[in-house]
Amino acid sequence: MKAWEATVRKTQAAAKKRANNIFGTAYVPHASDDEGERHEENVIENQSIGEVYDAERFLSNGDCYKGQWADNFPHGHGKYWWTDGCMYVGDWHRGKTNGRGLFSWPTGAVYEGEFKNGYMDGAGTYSGPHGDMYKGNWVMNLKHGYGVKGYSNGDSYDGEWCRGMQDGQGTYKWKNGNYYVGQWKNGMFSGKGKMHWRDGDRYDGYWEDGLPKGNGTYKWGDGSFYVGNWSMDPKDQSGSYYPCGSMLVDGNFDWDPQEVYNVRLKACRVCPGEKVPVLPSQKKLAVWRSSKGADPNVRPRRMSVDGRIEAGANKDLSPFDRSRRGSREDVSLALDDLGTRGSPIRIPKVVKKQGETISKGHKNYELMLNLQLGIRHSVGRPGPPPSLDLKPSAFDPKEKVWTRFPPEGSKHTPPHQSCEFRWKDYCPLVFRTLRKLFKIDAADYMLSICGNDALRELSSPGKSGSFFYLTNDDRYMIKTMKKAEAKVLIRMLSAYYNHVRAYQNTLVTKYFGLHCVRLNGSAQKKVRFIIMGNLFCSEYTIHRRFDLKGSSLGRSTDKPEAELDANTILKDLDLNFLFRLQKTWFQEFRRQVDRDCDFLEQERIMDYSLLVGLHFREPNVDADLIPAGGRTPTTNGDSDAESAPRLSRADMDKLLLDPAGWSSIRLGVNMPARVERTERKSDYFEGQLVGEPTGEYYDVVMFFGIIDILQDYDITKKLEHAYKSMQYDPTSISAVDPRQYAKRFRDFVLKIFVEDS
């Protein structure tokens with residue numbers, strides 16, 4: 001420790017000296033530095049690759065490590081001190097805290113428990129500097145699962161957690177003796193629960209956002225009680241008071257139910273938890289890299305184990321352009337993972353926006369104007385806020401509204417420069433309610449579709465002949481559809497509504513509106529549109545896209561490899577990854593896939609697929625991780641091109657700690673995960689969908705959902721099945737019975753999605 005303290009003082013003095021020099025970025029090696037580095041390199045040269053040995057390292061930035069070491073990284077059991085006073089002692093795996101360990105902060109806070117890939121993950125206990133204490137389960141630095149929390153003010157919570165907040169069943173006890181037992185959501189009372197006050201009063205009923213809402217009973221200590229519907233708005237408050245003698249008093253009593261909100265609950269605030277300023281996964285580890293076999297005139301690089309290389313080192317190389325070589329100093333650091341093996345994965349630095357802007361002169365320009373006029377009319381039409389409890393008549397196929405749009409305008413429509421057309425709304429009340437259910441703001445919806453920015457038409461229509469259009473902000477996708485598809489959607493609309501209402505995490509496509517434009521004239525052409533959410537609407541560029549069905553016939557991309565880009569949709573036989581989800585997410589994913597497949601099977605739907613998008617986390621050419629939302633300059637001057645922002649480890653931690661960030665993460669959207677690369681052996685049989693794992697991992701953000709859910713098993717598909725079954729293996733074709741399709745799809749998806757151990 002004395003040697004370490006001396007190193008700290010020496011480093012601080014050197015830093016101060018450099019700060020006073022206008023050429024502070026220059027590096028002048030000292031003789032003692034060179035001797036120490038040569039000694040370390042001699043020790044390293046005597047060890048074989050992969051061998052674990054005991055070592056003591058005093059690093060250039062003042063950090064110190066003592067413990068087991070392998071391939072220039074902490075590996076095994078060891079202790080690491082940072083110059084800011086943080087310390088970790090425990091298990092390591094290739095430079096990352098992994099296994100059991102203890103992390104302490106200079107403030108006096110301590111975490112002791114399990115770690116995974118640098119995060120607090122598993123069972124562990126955190127003791128804060130001011131008396132806070134949590135003992136329970138963690139996932140990626142956040143309380144998740146069952147745990148007990150003691151607060152510095154004397155309060156306590158015993159129950160379930162989700163993403164760092166109370167969520168599920170739990171009990172909160174205040175220091176003064178009051179306590180709540182019941183359901184929680186996002187850190188607040190929500191659902192059914194009981195509040196007990198120390199004077200004997202209690203409330204038993206439903207809660208929302210931390211307050212009584214809905215049916216409930218308030219009972220006094222003397223046995224009298226009040227039963228009714230509770231609301232913060234006195235207009236919605238109604239109920240009856242029963243005195244101790246069980247005689248009903250119809251509103252004639254002095255007590256005001258609003259007293260519960262204004263007085264009784266004032267002292268029942270949930271204590272906010274302490275915030276940790278620096279997390280273990282955010283600590284940069286400075287690791288000396290061997291210069292064996294390198295140019296003796298070049299100063300050896302120093303780098304951190306999270307992938308950040310000292311500025312100025314090998315700026316011409318990207319981690320995706322380096323291949324793995326024989327010597328240890330050339331180990332590739334592709335995608336922030338030190339365990340990478342095999343040929344590098346290259347992702348584009350610049351990605352063009354999809355589609356062609358529909359401007360004046362485009363063949364579909366008038367059609368776009370008609371669509372925008374119709375949407376503005378439908379969504380902007382005044383009406384009472386819809387209730388989520390819809391009557392069966394709202395789903396009637398005859399429930400549709402025709403509106404005529406003459407160029408000169410009418411009583412209900414504005415004048416316009418397009419040709420005359422008629423506009424049809426299918427089941428308008430249902431889709432208005434769906435937009436409310438999916439939390440779509442009507443003004444934002446109209447602005448995205450009908451604003452000044454034009455739509456973009458995707459370059460090629462789908463296999464079905466449908467055309468796709470994207471809004472300029474990428475939030476919504478508009479698809480032309482056949483009459484048969486519209487009939488299927490209307491037929492299953494009631495079941496679809498009930499399914500998406502019951503399962504908030506459903507993976508099936510979200511639909512926001514079904515419309516039809518009929519152009520006047522001799523042709524009387526009808527064009528039907530479905531408006532749905534764009535799964536890949538994100539601030540992060542999607543680097544890989546997969547459309548997966550679980551079948552093999554014709555399921556490969558017909559483009560040569562040289563023409564593949566970030567917008568290319570790859571298929572089953574192109575898949576070269578396993579998708580690894582955290583335990584809780586994986587369990588929820590399995591449950592939801594089962595629910596969604598059961599729903600689609602019951603509706604006789606087949607030929608759907610799982611659309612998957614991957615955003616890889618990548619250092620830039622200077623090896624500093626680009627902050628979220630950052631942009632790098634384009635080199636080709638193309639105004640339609642966008643540089644790809646990258647998500648760093650620091651950005652990931654910030655995202656996970658911020659409750660607003662967590663609200664953007666849900667099943668299939670903005671999900672932090674890992675992928676493992678797979679390879680098909682040279683002797684693999686035709687139709688093998690899942691390759692062999694290589695042990696090569698990448699940190700990613702995932703997006704996925706089930707799309708194309710409007711194809712039923714009609715006579716056309718039955719004939720296709722019969723015809724193709726005579727020529728090919730019946731199990732390899734897409735057109736199969738819905739029950740068989742659902743089973744094959746489910747089995748395949750649960751082979752490529754696995755729990756991250």
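This is a predicted model: local features need pLDDT of at least 70, side-chain atom pairs count only at pLDDT 80 or more; totals for chains, interfaces and linings use all residues.
User: What makes a residue of the protein count as buried, and what percentage of the 757 residues do so?

Analyst: A residue is called buried when its relative accessible area is under 20%, and of the 757 residues of the protein, 49% count as buried.

User: How do you know that strands β9 and β10 pair, and in which sense do they do so?

Analyst: Pairing requires at least two bridges between two strands; β9 (residues 142-150) and β10 (residues 156-162) are joined over six bridges, so they count as paired, in the antiparallel sense. Within this pair, V148 has D158 of β10 as its bridge partner.

User: What lies between the strands in the hairpin of β9 and β10, and which residue there takes a positive phi?

Analyst: Five residues lie between the two strands, and in this hairpin G154 takes a positive phi near 100°.

User: Why are β10 and β11 called paired as well?

Analyst: The cut-off is again at least two bridges, and β10 and β11 (residues 165-173) share six, therefore they qualify, in the antiparallel sense. W161 stands opposite Q166 in β11. These strands form a hairpin with two residues between them, and R163 in the turn has a positive phi of about 55°.

Technical notes: Residues are numbered from 1 along each chain as its sequence is written. Side-chain values use heavy atoms; hydrogens and water are left out. Buried means under 20% relative accessible area, exposed over 50%, partly exposed in between (1.4 Å probe, protein chains only). Helices (H or I, at least four residues) and strands (E, at least two) are DSSP runs, numbered from the N terminus.
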